[in-house]
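Hi,

Here is the structure I said I would pass on.

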Amino acid sequence: MMPVTTSQALQRESWDGDTPASGRLLQPGVDVTHGQILYLDDISVSFDGFRALNRLSLSIAVGELRCIIGPNGAGKTTMMDVITGKTRADSGSAFFGQTINLAQHSEAEIAQLGIGRKFQKPTVFEAMTVQENLELALAGPRSVWASLRARLSGQQRDRIDELLTLIRLGEQRARLAGLLSHGQKQWLEIGMLLAQEPQLLLLDEPVAGMTDAETEKTAELLLTLKGRHSLMVVEHDMDFIASIAGKVTVLAEGAVLAEGSLQQVQADERVIEVYLGR
């Protein structure tokens, strides 16, 4: 089953209106007065007796670009599932800013609150043009056809132009998304997420399958976004991590094994043993 992007989650949740299907009003802002955008505290999740997360705790600062690494099965995907509401924790707490308890919101509501997630496989609307994909994302929670029939304001047109420049697809705006290269589809999906003005972006292996040139451009893009948005990047490509990393968190067996600069975690004997090798 293909994963659902933030844009598609919003479309499905609010296909015929502008409020979440639950009818609950979302909080208008995120309290980041203490400088942190995300808090995970003592999170545990088990599936059929297997503990995917084991009392996991971490926090991400406003504007930070945090890299998450670790072996397969370390809990990276489950952690992102908890943050985005796809999976509920058995215990512990997850807060967006100081006051928003993520356990109290649906996936679509969490996206609307300002957390965007990009899966490893790009999930753009391939039968639409690059610009139409961005228009749809910019329109927010209303139906596809209503969004495409709507007349764009000057401000919206300017925003689309800005996004096209940022994701390096200005010359591809009239091209069908299905005809883009793999890397270009990844950038388009990032642009669709950015159209919704997220405060926190979760990116799952964003350079998997990319050429070296595309990987380099993706690193440049993420470094441009750093500071404007908070980013969590899960990735196995250590050269890519080295090109963007500030602080790195290493997960293993559902918990934080090590944290620090890339140089610090690469020198950690525990990280070498369970992930990097000698």
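First, the ground rules. This is a predicted model, so to speak: local features need pLDDT of at least 70 and side-chain atom pairs count only at pLDDT 80 or more, while totals for chains, interfaces and linings use all residues.

Helices (H or I, at least four residues) and strands (E, at least two) are DSSP runs, numbered from the N terminus. Two strands count as paired if DSSP finds at least two bridges between them.

Axes here are lines fitted to C-alpha atoms, for helices over the stretch in contact, and angles run from 0 to 180 degrees between N-to-C directions. At the E6 end, E6 and E7 run parallel and share four bridges, and Arg 117 has Leu 202 in E7 as its bridge partner.

The other open sheet I want to point out has four strands, ordered E2-E1-E4-E5, with antiparallel pairing. E2 and E5 (100–101) are at the edges with a single partner strand each, so one side of each has no neighbour in the sheet. E1 (residues 36–47) and E2 (residues 50–61) are joined by eight bridges in the antiparallel sense, with Ser 46 opposite Arg 51 in E2. Their hairpin has two residues between the strands, and Asp 48 there takes a positive phi near 50°. Further along, E4 (residues 91–96) and E5 run antiparallel with two bridges between them, and Phe 96 stands opposite Ile 100 in E5.

**Helices on the sheets**

Contact below means heavy atoms within 4.5 Å.

- H2 (residues 76–84) lies across E1, E2 and E4, running at about 115° to E1.

How many of the nine residues of H2 are buried? Eight of them are, where buried means under 20% relative accessible area, exposed means over 50%, and partly exposed is in between (1.4 Å probe, protein chains only). Among the buried ones are Lys 76 and Asp 81, along with Met 79, Met 80, Val 82 and Ile 83. Just after H2, Gly 85 takes a positive phi of about 90°.

H6 (154–166) and H7 (182–195) pack at an angle of about 145°, and their axes are 10 Å apart. Arg 159, Leu 163 and Leu 166 in H6 meet Gly 191, Leu 194 and Ala 195 in H7.

**The cores**

A nonpolar core is a set of buried Ala, Val, Leu, Ile, Met, Phe, Trp, Tyr and Cys residues joined through side-chain atoms within 4.5 Å. The largest one has 45 residues, and those touching the most other members are Leu 188, Leu 222, Leu 225, Ile 244, Val 248 and Val 250. H7 gives the largest share of this core, with seven residues. At least three residues come from each of domain 1 (33–114 + 200–211 + 227–277) and domain 2 (120–197), with the domain bounds taken from an automatic or database domain assignment.

What does Val 250 contact, leaving aside its neighbours within four places in sequence? The list is Ile 69, Ala 255, Val 256, Leu 257, Ala 258, Val 265 and Val 271. There is also a second, separate core of 28 residues, which includes Val 30, Leu 53, Leu 58 and Ile 68.

**Two residues to look at**

Arg 168 is not a glycine, yet its phi is positive, near 65°. Arg 168 is found in the loop between H6 and H7 and is partly exposed, with a relative accessible area of 35%.

Glu 205 also isn't a glycine and has a positive phi of about 45°.

Cheers

Note on methods:
Residues numbered from 1 in each chain as written. Heavy atoms only, no water.
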